[in-house]
Amino acid sequence: MVLGASGFIGQRLCAALRARGDTVVESSLRDPEAAAAASAGSDVVVNLAGAPVAVRWTLATKEALRTSRVDLPRRYLAALAGTDERPKAYVSASAVGYYGTSRSATFVETSPPGDDFLASVCVAWEAEADTAAALGMRVAKLRTGLVLGSEGGALAQLFPVFRLGLGGPVGDGGQWYSWIHADDQIGITLHAIDGTDGVLNAVAPTPVTNREFSRTLGRVLHRPAFLPTPAFATKLLMGEGAIIVNEGQRVLPQRTLATGYIFRHPDLAEALSSLLA
């Protein structure tokens with residue numbers, strides 16, 4: 001079963017599972033009890049559900065972020081505890097926001113969590129996922145970075161701006177972007193579905209600064225990419241949520257690689273070119 005199947009990643013995952021011959025049940029977490037009932041007989045549950053993060057953070061949107069990632073999974077797993085045919089594994093989305101932000105540190109799967117709002121949500125999100133182990137389920141948690149895909153995510157919003165030659169770094173461009181091609185995001189999710197448990201950083205092994213990301217995207221599109229977006233502009237637009245654009249974290253997939261995953265798109269320029277193609 002895939003929870004959050006209608007989203008950008010969910011649609012890709014369902015297609016990949018069906019392409020290899022798996023039967024897929026699509027659901028959401030809007031009704032956790034109904035989703036638990038529909039899980040009966042599934043081998044694995046993949047929970048990708050969550051309210052959008054790249055929005056202006058108000059009290060209401062922050063509550064929605066926490067509710068969708070913490071409260072609804074808690075209700076789902078509580079309902080699942082009362083069923084007879086529980087899935088064998090629970091694969092939960094998480095985010096590199098778990099580590100907080102830094103321009104100098106490098107984070108791997110064993111690094112401690114940060115102390116900002118998004119980090120606190122990720123810690124609680126993963127704690128709920130861990131309760132699935134008490135139900136006899138194998139648990140995997142995927143800490144995802146900036147997912148690049150032409151049909152969704154941040155890149156779909158950036159393409160039109162950069163094609164017009166209006167793209168460029170945000171602020172001074174020194175903040176780290178830990179990115180991943182959508183193909184590898186799906187690949188790591190399948191890696192977890194097929195038996196890898198624990199924490200896996202779903203990021204490419206080559207994080208870049210925002211400045212380098214902008215230059216590379218401009219180069220791939222054959223457009224200039226020198227017009228900066230002032231950090232205060234994103235702050236005005238997104239409020240506290242601007243932290244995900246103005247700040248960042250350098251995250252490496254240390255354990256992901258150690259468990260045998262081989263990246264299809266480890267190089268940013270090649271990854272962007274493949275999406276344009």
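Helices H3 (residues 59-80) and H4 (residues 117-130) pack at an angle of about 10°, their axes lying 9 Å apart. Axes are lines fitted to C-alpha atoms, for helices over the stretch in contact, and angles run from 0 to 180 degrees between N-to-C directions. H3 and H4 are therefore roughly parallel, a term for angles under 35 degrees. The contact (heavy atoms within 4.5 Å) involves Lys62, Leu65, Arg66, Arg69, Val70, Pro73, Arg74 and Leu77 of H3. From H4 come Phe117, Ser120, Val121, Ala124, Trp125 and Glu128. These residues divide into eight nonpolar, one polar and five charged.

The model is predicted; local features need pLDDT of at least 70, and side-chain atom pairs count only at pLDDT 80 or more, while totals for chains, interfaces and linings use all residues. Residues are numbered from 1 along each chain as its sequence is written, and side-chain values use heavy atoms, without hydrogens and water. Helices (H or I, at least four residues) and strands (E, at least two) are DSSP runs, numbered from the N terminus.

Six strands form an open sheet with parallel pairing, ordered S2-S1-S3-S4-S6-S10. Two strands pair if DSSP finds at least two bridges between them. S2 (26-27) and S10 (198-202) are the edge strands; each has a single partner strand, so one side of each lacks a neighbour in the sheet. S1 (residues 2-3) pairs with S3 (residues 44-47) in the parallel sense over two bridges. Val2 stands opposite Val46 in S3.

Helices also pack on this sheet. H3 touches S1, S3 and S4 (89-95), and its direction makes about 175° with that of S4. H6 (residues 182-193) touches S3, S4, S6 (138-144) and S10. The direction of H6 makes about 165° with that of S6.

Terms used:
Parallel < 35°, antiparallel > 145°, perpendicular 65-115°, else oblique. Nonpolar A, V, L, I, M, F, W, Y, C, P; charged D, E, K, R; others polar.
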